[in-house]
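Visitor: I am new to this structure. Please take one part of it and look at that part closely, including what it touches.

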Amino acid sequence: MPNEPFSIYIGGWQPPLGIRLSVTGAGLLLTGFSCFLFLLISFFARSQASASFPRTFWPLLLSLQTGITGLFFTHDLFNAYIFLEITGICSVGLVALSPGDKSYKTAFNYLSVNIVGSLCFLFGVALIYRTYGVLDFIMLDAAIDSAHVSPIAYLSVFMIITGLVVKSALAPLHGWLPEVHGSAMPLVSALLSGLVVKCGIYLFFVLWWTTFSSLITPPLIWVLSLCGAAGIIIGTIRALQADHLKQMAAYSTVAQIGYLFLFMPIISQSEQLSTEIFAGFLLFIVAHGLAKTTLFLAVGYLKSVHNCVTPSSLAGFAQQQPLIVGAIAVSAISLIGLPPSGGFTAKWALLSFHASAGSWALFTTILVGSILSAVCFFNIMIHAISAPPAPEYGETIITNGLLQQRVIIVLLSVLTVLSGFCWPLFAHFLRWGAT
Amino acid sequence: MSEQSLYTVLGIGLFWLGLYRALTVNALLIKIISFNVAGAGTFMILIASAYHDTLPPDAIPHAIVLTGIVVSVATSALAILLALRSQSSSTTKTSANDHHR
Amino acid sequence: MTKPLVNGQRFTALICLAMCIISLIVVIPVGPSLSAASLIQEHLNNSGVENPVTAVLLNYRSIDTLLELAVIYVAVLPVCALSFNQITTVRCVHSDTVLRGLTSVVAPATIITAIYLLYNGTRLPGGAFQAAALLAGLSGLIAFSGFRHFLKQKALNNTLMVSGILIFTAIGFSHYILPASFLAYPREYATTVIITIEIFATVSITAILGRYISALPQARISL
């Protein structure tokens, strides 16, 4: 494997005239992961195909894959804007196709949130182009470093960050996420929680570590840490109070996004430590993607087959559907951060980074968040294990394609556990350039 | 104040005006129009930054604005359709899923 | 009659006003910087067109244009699924003699203007998007004034909508035949390639924008 990321200049033109895509180890890893998830989701959707399944689902799914893959490789601000738009429109379309009578209003709200994020992002890009004349990440880094750092740079960075934060649902701007992820089809919720919010965060991470690295000031770090911590606490507390399983999973996504944003404020001087931070960030994305997809698919399976949506209606399913409840248990283990799972390794990495940096408040917040989410998930598992099955949740409603769905859910839960042992693999990929 | 600064000021004002109105109204059509106004403000800033005294105008912001206009048309079309659908009754929902291209 | 603002709206208004003032204070003193304008002029001979904006759109930053075609295509997918009219049954409700007469006079002139805009896009301001917008408006006018038009066939419409992206990507992948990178045009064929891309892009954007227009309900609905 080569040691440096290599660049693809589209059309043979160099920046500032043309656009560069940068092929890095991190981008390859995330692209492979996202394609794998899309493959599994396609099989799951195919096994669910019935007369009422919307046919427009498939082109939108593939276009969503285009948008997400592009965001992992782009190194130009306006190119990133267009990929964000493709991703946003596809996600909105997928939400709008979901059954349910409130899905149009929800899709409109989601589209409004996406438009607000894109507008702020484009405003920041306009100001940056006006001031520096370049849109490429690395050239912009050089331009910001060399020139006297002016307030306009801070304002542009603030607007770009606001746009990305709105799109990836960092608290306090997270209000749209539970409604949208809770009311979409389980397949679509899995994709939204697992991949779509992550590509915005990945773009933020790349910008934070390369282009805007000279603009990172303590107030900004402080605000980001506060928002991340708020996301963790609000997400887990609301997940405790949620009365529908899908809503609980959506609030858990809010909390996990809070954890992800806590990877940013760690300042490191050494090259090796920043590579490790990036590896931990990627592992967290992969582990959470696998765990959240397992959770949403299992919850969707239970809803479509047995029509149970609330935690209390899970009573006795441990005997009836042991594989599915086992899959929920494994994803819970990863989301809480218990060994052996990907979530455990990633959270341990996060905790050790914060401990070595000395930020004990964030350390405590992460621990408190993990304990609270443990309470939330144990509550559900107790319902599933203990009580005898209630009679009205026993009949199966849909009977075709169930074997494929079970296989996919079990495969995902096994991978959630296996990803905990993948730290060396991530570190190996990141030798090929992090950004 | 030079013309370029005037257009930049107007662009910034339009952007924040559109964003404020979009975030506070409840009527869906006014929200969509406000998003378009905010986009127009951003485009005006870009166009104003393309002016040079001696050289011909810089073409990259023009290309960015053209692309941005098309993207905002697409987004507005989808938003209008969703707004219309969410206003009409829920009985049209089942017939909508059967409409293919 | 405007109602007084509630607390949430006051808060938002305050924040937006503050950000507006901050933006004005921060942005105005800094003039725009010189950028790639001179580079564009330098390479204009190699790009195959004479208009710098077309050169940027279709040669230097061509992948942005390709992705923009992808954006409007991706937006037409849910629009078709949520549409109020099937494409074969777009009805005309409000047609009358004046409208039909006007359309029959305006249509040929519009088509010629659109072709002029498209062809002259290499020299003067113009190009694929402008021509396509004109033609899409014309197709809406034709449909709503009651004339039959060819975009009502489903297969033809679907093919046209996809053709822009397909041709553009196919040209981009021609680097497997000629030694260059993705979307790099060989210098001697650059003008031909650009005009081909523009023709297919015009056709597909017309079809897509026409689909947006025909997806709206015919009766009046107040939002």
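Guide: Chain C of this predicted model has an average pLDDT of 84, and 91% of its residues score at least 70. For the model as a whole, the scores are ipTM 0.92 and pTM 0.93.

Next comes the contact with chain B. Here 42 residues of chain C are in contact with 39 residues of chain B. On the side of chain C that touches chain B, at least two residues each come from α1 (7–27), α2, α3 (52–60), α4 and α7 (154–172) of chain C. The element that gives the most to this side is α4(C), with 10 residues. By residue type, the side of chain C that touches chain B consists of 29 nonpolar, nine polar and four charged residues.

Chain B also touches chain A. In that pairing, 23 residues of chain A are in contact with 27 residues of chain B. On the side of chain A that touches chain B, the elements giving two or more residues are α3 (77–96) and α4 (103–132) of chain A. The largest share, 13 residues, belongs to α4(A). The residues on this side of chain A divide into 16 nonpolar, two polar and five charged.

Key
Residues are numbered from 1 along each chain as its sequence is written. Chains are lettered from A and ligands numbered from 1 in the order in which they are written. This is a predicted model: local features need pLDDT of at least 70, side-chain atom pairs count only at pLDDT 80 or more; totals for chains, interfaces and linings use all residues. Two residues are in contact if their C-beta atoms, placed from the backbone, lie within 7 Å. Helices (H or I, at least four residues) and strands (E, at least two) are DSSP runs, numbered from the N terminus. Ala, Val, Leu, Ile, Met, Phe, Trp, Tyr, Cys and Pro count as nonpolar, Asp, Glu, Lys and Arg as charged, and the others, Gly among them, as polar. pLDDT is the predictor's confidence in each residue, from 0 to 100.
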